[in-house]
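Me: Hi! Could you walk me through the side-chain contacts in this one?

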Amino acid sequence: MRTLRLILLYIFAVVIVVILGGFVGWYFFLHVPQTNTEAIDTARGLGLPKGSFTGGSTQKNIGTIVGSGPEDVSTSTAPKSPLWHVDTTPVAGMGFVKHATSTALHYVERANGFVFMANPAPRSVTRITETLMPKIYEAFISSDGAVIERSLNDAGAITTFMATVGATTSKASTSTEQNMLLGTYIEKDILQIAPSPTARSIFYIVRNAAGGVDGMTAQWNGSKAKKIFSSTITHWLPQWLSDGRLIITESPADDLPGYGYRVGDDGSMTLLVGNVPGLSLLPRASSKALVYSSSSGGMLTLFTQGAASSTPTALDLHTIADKCVWYEGRSLIAYCAVPSSPTSGTFLNDWYRGAVHTTDEWWKIDIQNGAIMQIYSPKKSDGVNTDVERPIIDPSGNYIAFINASDKSLWMLKIPQ
């Protein structure tokens, strides 16, 4: 009997040890990695609900964060649809970049700050940088491939990193800095920034000691900073056009009158459009033409203006100028994404804070002829729902790239000719 009791005690002790060992193994090998994965997912979406993302180039490159050169991460046969889902992973910003014989779309992923190149003809994506820059909230890419990446540091300050893709050999070692982001951090807490489309310079807005803001210009590395204007109004959206004009517009809000100005080198401000409720403004480079919108009484109205002296024309398209882009050729043509369903009376306020999303169709507007034509409407069978933000067009006028506001993924539309 005593021997049986000892045997049972030994068995009980072994079972306890096995249970404790299993718990320790679960904690270190399953629980901790899951927690880390959730933290990474949060960084990818920057606060978006988990589960809203599908596989993207970040996941395909987990094993190739450090490599000897650019990595082709996705290739596919072009489908019949003119709409291409370039990257399902959240994107911080993009820009069309001129190469020797072609133009490609460069973009920055939010989670890691890697720069990728999307070639629209074969619909392929290639990673071109290896510098890890986590949690990039906003990015800009100039026409020559220079990069701006904006984030928050541990103290909550806004950081702005000005960089180029390296192609030189480091003086400190024999290693090659090709495919590395080489640059510098400039002034902290820049509220808004707009790079020059034609030169390595920037325009940005910062708070001043008086409680207002200053509009500044500077070189790409932050040097030679010069104050252009000061304002007691603190919320401005800047645009730097390819013809050299600086445009600032008050941040729009439903039913509140907004104003847009051209800012001269001497700080003078010339009114372009004023006293328009919920004003969203898109000026055209090398022209006086404008596309702008209003949000008043629960209604969105889109206007076009072919010249400074011409009378604005209200279109039967209910969208905002933020969803539009100008064709860069000689013709006065704009392309606009238009919500397929009616919007709410507080659409602007809700849309800017990400509380509502739309499913958009694409329309072509010929301002000279006064003609509008739908060029793309998503099919229900495709399951495509894109809420267009930050649209850009390539110099040839063949492609429009944009971010889907609902999940920050990247898309490209081939414009029918």
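**Side-chain contacts**

Reply: Happy to. K323, D360 and D387 are linked in a network of salt bridges. Keep in mind as we go that this is a predicted model.

Me: Nice place to start. What joins D360 to K323, and at what distance (N to O)?

Reply: Their side chains meet in a salt bridge, 2.8 Å from N to O. The pair links distant parts of the chain, with D360 in strand β25 (residues 360-366) and K323 in the loop between β22 (313-315) and β23, 37 residues apart.

Me: And how far apart are the closest N and O atoms of K323 and D387?

Reply: They are 2.6 Å apart, and that contact is a salt bridge too. D387 lies in the loop between β26 (371-376) and β27 (388-393), while K323 lies in the loop between β22 and β23, so the pair ties together parts that are 64 residues apart in sequence.

Me: Is D387 buried or exposed?

Reply: D387 is buried, at a relative accessible area of 0%. D360 is buried as well, with 1%, and K323 counts as buried at 1% relative accessibility.

Me: How many salt bridges does the count come to?

Reply: The count comes to 7 salt bridges. Another one of them joins the side chains of R245 and D243, at 2.9 Å from N to O.

Me: What about burial for R245?

Reply: R245 has 8% relative accessibility, so it counts as buried. D243 is partly exposed, with a relative accessible area of 31%. The cut-off for buried is under 20%.

Me: Switching topic: how many disulfides are there?

Reply: The count comes to 1 disulfide. C324 and C336 form it, with their sulfur atoms 2.0 Å apart.

Me: Right-handed or left-handed?

Reply: Right-handed, because the torsion about the S-S bond of C324 and C336 is about 115°.

Me: Are those cysteines, C324 and C336, buried or exposed?

Reply: Both C324 and C336 are buried.

Me: On to the rings. How many aromatic pairs does a search of the whole structure find?

Reply: It finds 8 aromatic pairs. One of them is Y107 with F116: the ring centres are 5.4 Å apart and the planes sit at 15°, so this pair is stacked. The cut-off for stacked is under 30 degrees between planes. Y107 is buried, with a relative accessible area of 0%, and F116 is buried with 1%.

Me: And how are F347 and W351 arranged?

Reply: They form a stacked aromatic pair, 6.0 Å centre to centre with 20° between the planes. Both lie in helix α3 (residues 347-352), and because they are 4 residues apart there, about one helical turn separates them. F347 and W351 are buried.

Me: Which residues are in the cluster with F347?

Reply: Ring pairs link F347 with W351 and Y352 in that cluster.

Me: Last one: which residue lies over the face of F114?

Reply: That is R127, at 4.7 Å from the ring centre of F114. There is also R390, which lies over the face of F140 at 5.1 Å from the ring centre.

Methods: Residues numbered from 1 in each chain as written. Predicted model: local features only at pLDDT ≥ 70, side-chain atom pairs only at ≥ 80, totals over all residues. Heavy atoms only, no water. Disulfide = S-S within 2.5 Å. Buried < 20%, exposed > 50% of the residue type's maximum accessible area, 1.4 Å probe, protein only. Salt bridge = Lys/Arg side-chain N within 4 Å of Asp/Glu carboxyl O. Helix = DSSP H or I, 4+ residues; strand = E, 2+ residues; numbered from the N terminus. Phe/Tyr/Trp six-rings, centres within 6.5 Å; stacked < 30°, edge-to-face > 60°. Lys NZ or Arg CZ within 6 Å of the ring centre and 35° of its normal.
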